[in-house]
Amino acid sequence: MTTMIQVENVAKTFTLHNQGGARLPVFDDVNFSVEAGEALVLAGASGAGKSSLLRILYGNYKPTAGTIRITHAGRPIDIVSAVPRTVLDIRRRTLGFVSQFLRVIPRVSTLDIVRDPLLARGASPETATEKARAMLARLNLPERLWSLAPATFSGGEQQRVNIARSFVDPSAIMLIDEPTASLDAANRDVVVELIAEARAAGSAIVGIFHDEAVRERVATRYLDITAFRKA
Amino acid sequence: MTVHATFPEAALEPAPLLSVAGLNRFYGERIGCADVTFDLWPGEVLGIVGESGSGKSTLLRCLAGIDRPDEGEVLFRGGAEPLDIYSVPEQERRRLMRTAWGIVHQNPRDGLRMDVSAGGNVGERLMDRGDRHYGQIRERALDWLTRVEIAGSRIDDRPRQFSGGMQQRLQIARVLVSEPRLVFMDEPTGGLDVSVQARLLDLLRVLVRDLGLAAIIVTHDLAVARLLTDRLMVMKDGRVVEQGLTDQVLDDPHHAYTQLLTSAVLGV
């Protein structure tokens, strides 16, 4: 088995300098690893720091202490101390983040948004278009919307664009934060299938799922992060 | 399960395009910018953010060869030999600024020749570079006008007949036509209406990505920084108080001043 993520001694405390220097400890001494082909589901009550941990794994939040080695292009790189251009390269080629929100860029069409990760990894425009169309169809997004920018789409439609973009070419590691929050049952099933397929193809998955049924269908292992709560 | 040792990070490219070390600029007793040191790599887009008077525009002028710093060096690796831009003769620095660099000014009037046609504004940079074939120059100028979404029928109009947004797009065409390695932008969307800003931002985003440009962008607008830049330097009172990956600095700011900046705006 290949270790894709190795978390060692990670701690996070937020310090709010403009609110009297208030310190908000989140967790301390977090240690775990994730192998290729695993789906690790983060558990713990709301406010336990699940989303913060996921953002730390992505290099979006900076931990107060610890290292996170991401296996990138065959070798482990500490994403905590890596320089920005290395973090961006890791994200481009190895590490994907699926959030419940789509960051809409003005004027870019839905099809282009979904094609983009394939093009960034060197796929031909024809292949990228074909795969993007197939993914949008699978997520039941009406074809008349594909040429439009998603700024005016509903929450559920935007979320499906986001999922299509993330799963059109699954990354070796996928960090997933509540992907099914505003989806109907049929589309929720598609997302569960997409995650299972990515995992079967060798992706390592770390996710947060509030929906218990989804959680149980996706998880191969649970990590209760309440255990790392600062005493 | 094997636990690997962490390898030292291998360089993705052989060398930085720009290396800045110990840059200081004083105006009498007052600090313009102080102790600025960083590397910029090919294809990287760096944002410099801060409020008015934070020193970000002073720093940009020092980096771009416009304003000589009191101390420090700016090393550019664009050609065979690395070039310390302030130790070479004025003439050589000017040549570099015309050919390998581009500067997009906040006010298009500072970057355009207002009494020369749109086509002339773009073509002039090619002539600076040594191009002499009139037909080819006009053809390339036309191509660039189209890329910045200015109708080809406007090629013989003067910039003063253009709207502010069009003037800014023309300035960008004038800068990019000579294929610079490095582009400096000072508040490129400042002074434009919000709807015009969005169009310009999207255009810049696509051009920077497609051309693989390295760029340094000064802005006070954190949404602009988020959309266009890979990494950020946050300046206050002439000094860099925080720097790092753009989304990390904006989403998990550590310095008191950065926390103040990011909490003062809605939804960046």
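This is a predicted model: local features need pLDDT of at least 70, side-chain atom pairs count only at pLDDT 80 or more; totals for chains, interfaces and linings use all residues.

Visitor: Is the crossing of H4(B) and H5(B) left-handed or right-handed?
Guide: The crossing of these two helices, H4(B) and H5(B), is right-handed.

Visitor: And which residues make the contact?
Guide: On H4(B) they include B:Ala118, B:Val122 and B:Leu126, while those on H5(B) include B:Ile137, B:Ala141 and B:Trp144. By class, the contact of H4(B) with H5(B) has 8 nonpolar, 2 polar and 2 charged residues.

Visitor: Switching topic, how many residues does each chain give to the contact of A and B?
Guide: The contact takes 25 residues from chain A and 25 residues from chain B. On the side of chain A that touches chain B, H2(A) gives the most, with 6 residues, and by class that side has 11 nonpolar, 7 polar and 7 charged residues.

Visitor: Why is H2(A) described as largely enclosed?
Guide: Because 7 of the 10 residues of H2(A) are buried, this helix is largely enclosed by the rest of the structure. Among the buried ones are A:Pro84, A:Val87 and A:Ile90.

Visitor: What covers the buried residues of H2(A)?
Guide: The cover includes strand S4 (65–72), S5 and strand S6 (95–98) of chain A, together with strand S9 (231–236) and strand S10 (239–245) of chain B.

Methods
Residues are numbered from 1 along each chain as its sequence is written. Chains are lettered from A and ligands numbered from 1 in the order in which they are written. Two residues are in contact if their C-beta atoms, placed from the backbone, lie within 7 Å. Helices (H or I, at least four residues) and strands (E, at least two) are DSSP runs, numbered from the N terminus. Ala, Val, Leu, Ile, Met, Phe, Trp, Tyr, Cys and Pro count as nonpolar, Asp, Glu, Lys and Arg as charged, and the others, Gly among them, as polar. A residue is buried if 20 or more other C-beta atoms lie within 10 Å of its own, exposed if 12 or fewer, and partly exposed in between; C-beta atoms are placed from the backbone. A crossing is left-handed if the near helix is turned anticlockwise from the far one by less than a right angle, and right-handed if clockwise.
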